[in-house]
Amino acid sequence: MPRGASVLDTEVRPTPKIRLKVVAQMTSTVREQAASARQERDSRMVVADFDQAPFTIAWELTRACAYACQHCRADAQPRRDPRELDTTEAMSLIEQLAAFGNRPILVLTGGDPLMRRDLFDLARYADELGLRVSLTPTATALATEQRMRQARAAGIRRVAFSVDAADPLTHDSFRGFSGSFARTRAAIAAATEAELSIQINTTVCATNVSELPVMAEQLEQWGAVQWSVFFLVPVGRGANLPLLSPTQHEEVLGWLSDLSQRVPFDIKATAAPQYRRILHQRTGRTMGAGFHYSDGLDRPVRGVNDGRGFMFISHLGEVMPSGFLTLPAGNVRDSSPVDIYRQSTIFTSLRDPGALKGKCGRCEFREVCGGSRARAYALTGDPLESDPSCPYEPAAAPV
Ligand code: SF4
């Protein structure tokens, strides 16, 4: 790349926003019902109390996976761990998660969740108990159209596939599996045929950041409803990959903010809560308007962060603030996940902006941003320290 050039030097052509594809086809009665349901969701999101319940729960059903991705948080292994939660324990866990009472989004993840034979039984039970279920399968030969149809029938609303480059060879190199890009395209097509909505997850680091503009065009062609851009946290195998510099973080987040105004899919920045600070600086908004999807996996008005609106459960039942902040606060085998989320010191301190240290602690954006607690922990050993990826210098005392 020439000196001084942007890491993102390709423009993406503007397109109109198309958020809810199905609404135009609804009858007036259905429209009224949808409006009423949306109003209910709105009020639930506005009053969302992250001290009481997470908005999203990611559950690592297994660490087994056929891939060996360079950035794998889970350091996934080829075989299932015999210590995984078994089906009976998993069903019990679902009941306990339903007790949060706010119908959280339950992301069934891994490893590759398709490696568990009871996957669709678990998904169906979670759906029956009111959880809003999504799935992040690995794009292997297991991700067939038949299984995608089984997923849909089990109540799974959305599937998220990982794509880390526009170029197939670069993507395959990231995933450690030749032919992965082609398999991912096939899996996306299979899920689309099964009428599942599609989310694309991309882990961005210094190696693949220049791929993002072309990827944005691809996502549009694939009909994705959301692009979830994960800013690398150096944990698991990802500890060996090069991070973006703070300046590059800022540049990419600004680019995503601009992109979000002209593409037909939603953009979510993961492990980069500075996105909300940048949105505020560019648009004057400190809070989002929420985000409604026809699949019901709406976005909250308030920003979610590690342990604040988000909870992770490992394949062994450990409860952590996120999959990138691997500090166990308890285990569902001997404690209630509801109690762990609401009462453990780890979770409560992460939800307290006044506990933040350094620059994040005195930043006027600490309520809407707060920095990536996972990256702070990975790079400093203290989950309450400043996020080293943020170049922002606080202008005033926190409000
Ligand atoms: S200093 Fe911390 S709280 Fe402020 S914008 Fe940066 S990461 Fe966010």
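The model is predicted: local features need pLDDT of at least 70, side-chain atom pairs count only at pLDDT 80 or more, and totals for chains, interfaces and linings use all residues. Residues are numbered from 1 along each chain as its sequence is written. Helices (H or I, at least four residues) and strands (E, at least two) are DSSP runs, numbered from the N terminus.

**Ligand shell**

- The ligand has 15 residues around it, and Cys-360, Cys-363, Cys-369, Gly-371 and Cys-390 come nearest. Here a residue is near a molecule or strand if its C-beta atom, placed from the backbone, lies within 6 Å of it.
- Helix 9 (274-283) and helix 12 (358-361) each supply at least two residues of this shell.
- By class, the shell around the ligand holds seven nonpolar, four polar and four charged residues. Ala, Val, Leu, Ile, Met, Phe, Trp, Tyr, Cys and Pro count as nonpolar, Asp, Glu, Lys and Arg as charged, and the others, Gly among them, as polar.

- An open sheet of 10 strands runs in the order 7-6-5-4-3-2-1-8-9-10, with mixed pairing. Two strands pair if DSSP finds at least two bridges between them.
- Strand 7 (266-270) and strand 10 (330-331) stand at the edges, each with a single partner strand, so one side of each has no neighbour in the sheet.
- Strand 8 (residues 310-313) and strand 9 (residues 318-320) pair in the antiparallel sense over two bridges. Phe-312 stands opposite Met-320 in strand 9.
- Helix 8 lies across strand 5 (197-204), strand 6 (226-231) and strand 7, and runs at about 160° to strand 7.

**Helix packing**

- Two packed helices are described by the angle between their axes and the distance between the axes. Axes are lines fitted to C-alpha atoms, for helices over the stretch in contact, and angles run from 0 to 180 degrees between N-to-C directions.
- Angles under 35 degrees count as roughly parallel, over 145 as roughly antiparallel, 65 to 115 as roughly perpendicular and the rest as oblique.
- Residues are in contact if their C-beta atoms, placed from the backbone, lie within 7 Å.
- Helix 8 (residues 246-259) and helix 9 pack at about 60°, with axes 10 Å apart. The two are therefore oblique to each other. Leu-253, Gly-254, Leu-256 and Ser-257 of helix 8 meet Gln-274, Tyr-275, Ile-278, Leu-279 and Arg-282 of helix 9. Five of these contact residues are nonpolar, three polar and one charged.
- Helix 2 (residues 87-98) and helix 3 (119-128) pack at about 20°, with axes 9 Å apart. Helix 2 is therefore roughly parallel to helix 3. Ala-90, Met-91 and Ile-94 of helix 2 touch Leu-122, Tyr-125 and Ala-126 of helix 3. This contact has six nonpolar residues, no polar and no charged.
- Helix 5 (residues 168-175) and helix 6 (180-193) pack at about 100°, with axes 7 Å apart. These helices are therefore roughly perpendicular to each other. From helix 5, Pro-168, His-171, Asp-172 and Arg-175 meet Ser-180, Phe-181 and Ala-182 in helix 6. Three residues of this contact are nonpolar, two polar and two charged.

**Backbone details**

- Most residues other than glycine have a negative phi, and most peptide bonds are trans.
- Gly-110 and Gly-111 are joined by a cis peptide bond, with omega about 15°. Gly-111 sits in the loop between strand 2 (105-109) and helix 3.
- Glu-195 has a positive phi near 65° and is a residue other than glycine. Its place is the loop between helix 6 and strand 5.

Conventions
Two residues are in contact if their C-beta atoms, placed from the backbone, lie within 7 Å.
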